[in-house]
Amino acid sequence: MQDQNLLEVENLRVHFPTREGVVQAVEGVDFAIKPGTTLGLVGESGSGKSVTAYALLQAVARPGKIVSGRVLLRQPSPDQPGQSEIIDLAALDPRGRKIRSIRGKEIAMIYQEPMTSLSMMHTVGFQIMEAILLHQDVDKAEARRQAIDMLGRVGIPRPEQRVDAYAFELSGGMRQRAMIAMALVCAPRLLIADEPTTALDVTTQAQIMELMLELQREMDMAVLLITHDLGVVAETCQEVVVMYLGEVMEKAGVISLFQDPLHPYTRALLRSIPRLGQGRSWDLEPIEGMVPDPYNRPSGCPFHPRCSEMIPGVCDARPLTTTQMPDGRSVRCHLYTQPKR
Ligand SMILES: Nc1ncnc2c1ncn2[C@@H]1O[C@H](COP(=O)(O)OP(=O)(O)O)[C@@H](O)[C@H]1O
Ligand SMILES: [Mg+2]
């Protein structure tokens, strides 16, 4: 593992054996995140973004299973102060004590739908206090004080009253803020945000993103941001990973990705999605064709049936490899493995 990385994902594969066949939801994913930085994970619906996120925390829904790969996390050594240790999260027991000590403490996750993580049965304050009491050695009064403080920091008015509210008593935006408060209360080093604002109106989306970035700077936290909003990616991410059918098609710094996308899929994605200021809905070109049925994975490059630059006999036949570019980017496309003509 490289010194400067907080997390490294290597050849991660997650499969769902189902009656209709095996869904290869994540099929050999590699990426790394540096402390305090934001990595964007983009791709059409069904690309395996959420399954990747869940896999990092050993929280893939059954019957899904991590079938190969490593998820290396650097964390402070519990025994030697000032030293760090590296653990492979993919090798931990999904129900064991170690991964439970990491979920919520080292790595926290927020979802598109707050109801995934907020319960209807308990007050918001109770749930935030539970997270605090699980990971910190404090009493209930202190946990309540921290919960109120955090609710205030995420911009919930009158937090000393709202702490006793139930999630259903809050508006969508306030619920999202409460979920962020719950995720951030133990100051995780990595926040995974899976389409955190998709369900909200545009103004609230902008406020929530702004809030996340502010807390990120304050806490020096790394963020894995899953989104289909390339405008948000351009504004917030340093690195971008583009996924399609479980594979990383392209990985690049944000500026090179927008200025000079290499993969035909990345180019199609950029044409299909509105960008900051430019591109109205009538300028957009949807990507041709549909994401294939997950049980019938195309041979060769998974994108070949929809690709405008498909080379017959190559893209539909030969297994894909990843090409490392001299500038540090990588691309998984036969156009870059063929000798130049
Ligand atoms: N519980 C499940 N059982 C079977 N297949 C699943 C399950 N969860 C996800 N998948 C499949 O895994 C693939 C990736 O899904 P997902 O990670 O949710 O995509 P994304 O987040 O990029 O939209 C999809 O083909 C999806 O149908
Ligand atoms: Mg998803």
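Leu245 is buried, at 8% relative accessible area (buried is under 20%, exposed over 50%, partly exposed in between; 1.4 Å probe, protein chains only). The model is predicted; local features need pLDDT of at least 70, side-chain atom pairs count only at pLDDT 80 or more, and totals for chains, interfaces and linings use all residues. Residues are numbered from 1 along each chain as its sequence is written, and side-chain values use heavy atoms, without hydrogens and water.

Leu245 has a positive phi, near 45 degrees. Its place is the loop between strand 9 (239-244) and strand 10 (247-253). Helices (H or I, at least four residues) and strands (E, at least two) are DSSP runs, numbered from the N terminus. Ala187 also has a positive phi, near 50 degrees. It lies in the loop between helix 6 and strand 7 (190-194). Ala187 is partly exposed, at 44% relative accessibility. Most residues other than glycine have a negative phi, and most peptide bonds are trans. The Arg62 to Pro63 bond is cis, with omega near 5 degrees. Pro63 sits in the loop between helix 1 (49-56) and strand 4 (65-76).

The largest pocket has a volume of about 720 Å³. A pocket is an open set of points on a 1 Å grid over the protein atoms alone, where a 1.4 Å probe fits, with protein on both sides within 12 Å along at least five of seven lines; lining residues have an atom within 4 Å of a point. The volume is the space filled by probe spheres set on the points. Helix 3 gives the largest share of the lining, five residues.

Terms used
Chains are lettered from A and ligands numbered from 1 in the order in which they are written.
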